[in-house]
Amino acid sequence: MFNLNTESKGYVSHGVSACAGCGMELIIRNVLEVLGEDTTIVIPPGCSALFCGYGIESGIKISGLQGNLENSAAYASGISRGYEAQGNFHTKVIAFAGDGGTLDIGLQSLSGMMERGENVLYICYDNEAYMNTGIQGSSASPYGARTTTTPGGKKQQKKDLLGIAMAHNIPYCASASIVNIPDLRKKVKKAREVVGPSLLHIQCPCPTGWGYDTSKSIEVCRNAVQSGAWVLYEYEDGKLTISTKIKELKPLKDYLILQKRFDGMNDEEIETLEAYVREQYHQLMDIAHS
Amino acid sequence: MAHYKMLDGNTACVEAMKMSRVKVISAYPITPQSTIAEKLSDLVAKEELDASYIRVESEHSAMSCAIGAQLTGVRTATATASVGLALMHEVLNVASGLRVPIVMPVVNRSLASPWSLWCDHQDSMAERDSGWIQLYCENVQDVYDTMLMSYRIAEHPDVLTPVMVCLDGFFLSHSMQKLVVAEQVEVDEFVGEYTVNNLKLDPADPIVINNLTGSNEITEMKYQQAVGFEKAKKVMQDVFAEFGRKFGRQKSLVEGYRTEDAEAVIISLGSMSGTIKHVVNELREKGYKVGIVKIVSFRPFPAAELKEVIGTIKKVAVIDRTTGFGGQGAPLWMETRAALNQNVLVKNYIAGLAGRDIHTGTIEKVFFDILASEEESEKPIWIDCDTENAMKIREVYKYV
């Protein structure tokens, strides 16, 4: 019988919580539940480091290491090799990092990990800016988004993480969203079984940084998927499959309008972003059907 | 039985790592360390060493992988030099702060800029406060011996502090010398298997390592590291003594040579010490009362032991193979000056930067200067620098 007084449910400790409406908590609770206790996690400083806990108290019930911002993939590589050198091929070593720690400062060590074929599952929860330090822009921030370091709106398109992962020809990588938890859990399960590197790119809505009501996280993510701004797909043994096909893409404006970070984009900019998003979507559809 | 081999300093490191049965290796090539990375991968490929080799994409990842792997409970190996060590800076502090006792050869090389491939101590001196023990080697035998002893020192429960084994680039790393190599069984007995005495990543007994820690605890945790350094001195003396008994070669934290009745001595680090001993012998024959005091352990700095070795000697010349910009002197001088009484004259000499040879002439100049000195100088003396023309070379000239 589950006892609330002594045990929290799942692998996150009692009393640990992210900001209201944050997608990250939903992601990590589901990820850890699927992976189970035979898991070692590397978390860099950033929003998710709160799960490492504070002082003598840990925020999760599995083994883990809080790394530095740029080397989650390297720590995970070393841990995985250390286990293997002692005959432990069963513990899943994962990294759980944000977009800054992955696509900016951590890209080099991630590339090394993927190229060497390390037995590591790398999970990037992507809230599209440096939220922990105060909403500064990252290479994962979308075109037009206002952040504290792109006050006039970002001039560049979002960096393509899965494109980079696929270029390394790793056995498995996929995108996921909290709007479809069964799909997310299925992908975590698949990634767990992979021998070699795997990567999950999960959209992580941030009410504080994106500027929307904390009750709207799921709605925002649903509109992201429906408009093609966040495409759910997976790449497995060289084959790309679209997970959620959208019959007719919704106008991108439906997604943008919910969030203050896109306030101030003019019609031309919205058209530019929409054209880019659709082009990306159709390219993926073409690859999936080729 | 132990046997003789002809090895260069890098290969001596590899020999010691192999015989200490490292299990995970992460290395990134950099001159003059590269042959360490190559030879280790070769041993793994030929199955002469049962280890996992991680061909990392940077020195930062080399150290990160080593930390991650060693936290699971295995002895690891990596090595670096120069800007590679500088790139590791951030995670060097993680290794020491988490008390992960990694032993790492640092093949001393100048730091950019300007680019230089050659030896000085700027790289390791820049890391003197990173919480690593630093031992400096005189010759290839010393490299091999120091490596073996370093595992014992670093991993000792009283110490739990990583060790840099510093060997001068090219002067030692690429210099072939005859040395005595121990038998595997002797090394197994001396170094022993790796056991974790502190933090461990273990899914069966889960903890989260290295989380955010408050100011209510960090001062005390740093104090623990300081105590580790304090205790390291005793542990080193014990390990040196045991090594001496087993292998017949003696070592101490500070080593005096012909210091008896000396009027002046040079304080040295690393490979220059051999040349200085040679000059001391020559000058002694001519009637000069000179000697040399070699610092083996720069971190922890053996101040009390140094004071004892100096005894009643009144003139001390400190050769720093690094610049010490903006300070009253370079690092070795600062430590020495702080360790000795005010009635001892301690002068600082900068020499041997970026591979400039510290030859017999340079050492004689230092001895003659210190013998003739009646007071300390306000700033270091750049003894082998063409100070008269220095400001006229290259771009500096245009703006001065």
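1. Start with the open sheet in chain B: six strands, in the order 10-12-11-14-15-16, with mixed pairing. Keep in mind that this is a predicted model. At the edges sit strand 10 (254-257) and strand 16 (381-382) of chain B, each pairing on one side only.

2. Next, look at the helices against this sheet. Helix 9 of chain B, residues 272-285, packs on the sheet and touches strand 10, strand 11 (264-268), strand 12 (290-295) and strand 14. The direction of helix 9 makes about 165° with that of strand 12 of chain B. Helix 11 of chain B, residues 331-339, lies across strand 11, strand 12, strand 14 and strand 15. Relative to strand 14 of chain B, helix 11 runs at about 155°.

3. Now zoom in on one strand pair. Strand 14 (residues 315-320) and strand 15 (residues 345-350) of chain B run parallel and are joined by 6 bridges. If you want a spot to look at, D320(B) stands opposite I350(B) in strand 15 of chain B.

4. Over to another part of chain B: E155(B) belongs to helix 6, which covers residues 140-155. Is E155(B) buried or exposed? E155(B) counts as buried, because it has 24 C-beta neighbours inside 10 Å, and 20 or more is what the label takes.

5. What does E155(B) touch, leaving aside its neighbours within four places in sequence? The contacts are P101(B) and Y194(B). As for L179(B), it comes 24 residues apart from E155(B) along the chain, and the C-alpha atoms of the two are separated by 26 Å.

Conventions:
Residues are numbered from 1 along each chain as its sequence is written. Chains are lettered from A and ligands numbered from 1 in the order in which they are written. This is a predicted model: local features need pLDDT of at least 70, side-chain atom pairs count only at pLDDT 80 or more; totals for chains, interfaces and linings use all residues. Two strands pair if DSSP finds at least two bridges between them. Helices (H or I, at least four residues) and strands (E, at least two) are DSSP runs, numbered from the N terminus. Two residues are in contact if their C-beta atoms, placed from the backbone, lie within 7 Å. Axes are lines fitted to C-alpha atoms, for helices over the stretch in contact, and angles run from 0 to 180 degrees between N-to-C directions. A residue is buried if 20 or more other C-beta atoms lie within 10 Å of its own, exposed if 12 or fewer, and partly exposed in between; C-beta atoms are placed from the backbone.
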